[in-house]
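Welcome! Let's get to know this structure together through a few questions and answers.

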Amino acid sequence: MGKLEYAPAPESRSIVSLRESYGLFIGGEFTPSVDGRAFKTISPATEEVLAEIAEAGPADVDRAVTAARQAYERTWAGLPAKERGKYLFRIARIVQERARELAVLESLDNGKPIRESRDVDIPLAAAHFFYHAGWADKLEYAGYGPAPRPLGVAGQVIPWNFPLLMLAWKIAPALACGNTVVLKPAETTPLTALVFAEICQQADLPAGVVNIVTGAGDTGRALVTHPGIDKVAFTGSTEVGKQIARDCATQPRKKVTLELGGKAANIVFEDAPVDQAVEGIVNGIFFNQGHVCCAGSRLLVQESVYSDVLAALRRRLGTLRLGDPLDKNTDVGAINSAAQLAKIRELSAVGEAEGAQRWSPPCELPVKGFWFPPTLFTGVTQAHRIAREEIFGPVLSVLTFRTPAEAVEKANNTPYGLSAGVWTDKGSLILWMSSRLRAGVVWANTFNKFDPSSPFGGYKESGYGREGGRHGLEAYLDV
Amino acid sequence: MSALTDTPAVAGSSLREFLHGLPGVDQVGAEARAAMLASRSIKTTAKRWALDTAISMIDLTTLEGQDTPGKVRALCAKAKRPDPADPTAPKVAAVCVYPDLAHVAAAEVKGTGIHVASVATAFPSGRTSLDVKLADVKYAIGAGADEVDMVIDRGAFLAGRYQRVFDEIAAVREASAGTHLKVILETGELVTLDNVRRASWLAMLAGADFIKTSTGKVTPAATLPVTLVMLEAVRDYRAAHGRQVGVKPAGGIRAAKDAIRYLVLVNETVGEDWLDPRWFRIGASSLLNDLLMQRTRMATGRYSGPDYFTLD
């Protein structure tokens with residue numbers, strides 16, 4: 001008999017109607033930027049230009065903050081809490097109704113496989129709105145006193161790895177708590193945020209409650225340093241996060257939360273369920289091409305099962321399907337940008353130069369677009385740069401350990417502290433490990449699982465503040 | 001007092017240590033993996049290939065108290081020529097019947113390459129003496145069965161008497177020498193995936209040619225997570241012992257879509273070596289017509305009604 005060769009199964013693009021150009025979303029309407037500047041957003045899988053996007057300068061940011069302030073003072077903060085909840089429920093339902101469109105658009109603009117945008121990004125984004133819609137009229141029971149008050153106008157800057165999901169993590173709690181927002185999506189992935197602006201219109205959300213300003217780093221800086229902002233929320237690189245912390249240090253009335261990089265340890269003990277651990281390792285580092293701040297980029301394997309786990313992992317990597325993000329059978333999509341690809345290449349070259357062994361399964365890369373094969377580095381030690389620095393790509397560094405204590409020591413021996421994974425059949429070991437790991441999230445026998453009710457955030461250089469759950473409300477309340 | 005070796009704790013203790021030393025199965029993770037593979041989208045050329053391959057892997061089955069020679073003859077006719085309107089439709093792998101009707105099936109499919117599988121060992125519960133079970137096996141083979149689908153003693157397995165289960169499979173293996181032995185684990189009664197993995201290894205170590213999920217008489221019968229764990233077991237067993245063992249999910253697979261999901265599971269768990277009726281079978285009856293309907297749809301672009309496909 002022959003082989004089962006999957007025929008192409010592309011999700012149709014026809015559900016998305018892209019405009020040639022998009023303006024800024026300020027005061028409930030799309031408007032061009034004051035100075036008329038614009039940039040292009042492309043599909044990283046094909047380098048095709050998708051649309052032209054207005055670039056917000058300081059004057060535009062000022063307009064947006066003013067609109068948000070007016071909306072805060074005139075409508076949103078004075079609205080009965082259950083009315084705020086109604087708007088959020090409405091937005092959540094529209095996100096669900098337009099889920100396929102949003103998924104296709106996310107995969108086009110970001111390069112992630114449609115399977116992930118369809119099954120993870122968009123459903124979770126809707127779930128965040130549903131969850132926080134429920135909180136809107138119950139804040140007095142959240143444990144922050146009888147009448148917790150909103151902060152005012154939130155300036156939010158989000159990354160390109162989960163564009164709509166990060167938007168939901170930022171906007172849903174802010175609105176539920178009674179704040180208004182100015183949000184800047186990443187310059188390489190602005191499209192779903194702009195469709196979200198349309199959704200706000202569709203939901204009849206009062207003008208100015210949500211404002212979207214597109215642009216690059218300068219726009220973001222203008223936003224977070226704007227004196228009219230009461231609250232800064234940033235998700236992105238540690239480098240930019242530190243700059244924001246410095247900038248905001250001179251404006252102490254601003255509350256700041258930062259969700260930054262990570263270098264998570266995924267720890268596999270000798271009694272782990274091997275086949276599921278391998279799935280967890282793959283999901284930990286190759287999910288979303290490794291563009292995940294909490295990615296399990298350091299695999300710590302107990303030395304006694306090292307060869308078994310590595311053999312199983314290599315075999316499994318051989319079945320990963322890399323290619324067209326819109327193909328429903330694609331497991332690994334495109335790297336988000338040329339700049340990110342260059343960074344992944346550079347750090348991988350450093351890994352080789354420092355003596356680690358590099359391995360990738362046989363894997364044909366498309367000619368156009370930005371691509372990097374799933375990659376393993378073995379023979380990595382704590383001293384290697386690829387074990388210390390965040391690569392933010394599909395590159396896994398494999399290290400070994402001998403005892404639980406050594407695993408904890410190595411896992412914690414990093415400037416970051418966002419997440420960790422523990423794989424063992426022994427419940428007591430899971431508890432022992434998770435009470436010692438300095439990471440905001442510890443997954444046991446799973447990885448990269450998210451839920452709006454579960455707080456997420458980091459230790460050390462992974463940032464401060466929590467998003468999601470009851471804890472996440474605190475960042476948007478005056479408590 | 002009986003001899004020390006008669007106590008279950010000592011007899012077969014190394015077998016127990018081995019089976020309990022196998023890596024565990026995390027049920028949540030296994031189910032998630034199976035669900036992810038079930039979301040694969042199999043279209044056009046791949047679907048055409050998968051439909052024909054699935055037909056060629058079917059053990060077309062009738063295992064009812066009301067089975068008669070006439071019913072078995074009709075089943076065999078269907079097995080030989082599943083779609084009377086389309087001679088290009090492949091024939092199935094085997095017909096599967098009770099031992100007392102094996103001779104009818106054997107006469108009907110003689111010379112066609114279709115195998116005659118007979119359930120034996122007091123199918124489906126397996127609750128009788130070893131002597132009776134072995135007699136059952138010999139009766140089936142004598143009647144013309146060249147494949148024997150035996151059931152394991154689930155009671156002994158769940159009581160931890162692994163050596164007893166092993167010895168029984170080994171005895172059946174010996175009694176059925178020269179025929180193809182499929183060992184039914186009845187995973188719906190073993191319940192946990194850890195048990196499924198252990199029973200799979202136990203059956204393979206005792207000489208099974210195939211491991212099969214279910215009798216079809218217990219719910220749940222075949223499921224994707226259970227089949228995933230069994231596929232992992234045959235993959236690991238071949239890596240360790242160099243012998244390839246087949247897998248047969250049976251019971252509850254009725255739609256072409258489900259059959260294709262099983263093929264995807266095989267493809268991405270053990271690879272193309274198992275994508276062959278010699279190494280993967282599907283125990284089913286009504287599935288065949290759905291595969292044929294989908295096959296006709298692929299060829300003509302239209303769905304036709306069930307009246308255009310034969311019963312049995």
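**Getting to know chain B and its partner**

Q: Which radius of gyration does chain B have, and why does it agree with a compact globule?
A: This is a predicted model, where local features need pLDDT of at least 70, side-chain atom pairs count only at pLDDT 80 or more, and totals for chains, interfaces and linings use all residues. Residues are numbered from 1 along each chain as its sequence is written, while chains are lettered from A and ligands numbered from 1 in the order written. The radius is taken over C-alpha atoms, and the globule rule is 2.2 Å times the number of residues to the power 0.38. With 312 residues, a compact globule would come near 20 Å, so chain B agrees at 19 Å.

Q: What share of the residues in chain B is buried?
A: A residue is buried if 20 or more other C-beta atoms, placed from the backbone, lie within 10 Å of its own. Of the 312 residues in chain B, the buried ones make up 55%.

Q: How many residues of chain B are in contact with chain A?
A: Contact means that the C-beta atoms of two residues, placed from the backbone, lie within 7 Å. On the side of chain A, 21 residues take part; in chain B, the number is 26.

Q: What is the mean pLDDT of chain B?
A: pLDDT is the predictor's confidence in each residue, from 0 to 100. It stays under 50 over residues 1-10 of chain B. Still, 96% of the residues of chain B reach 70 or more, and the mean is 95.

Conventions. A residue is buried if 20 or more other C-beta atoms lie within 10 Å of its own, exposed if 12 or fewer, and partly exposed in between; C-beta atoms are placed from the backbone.
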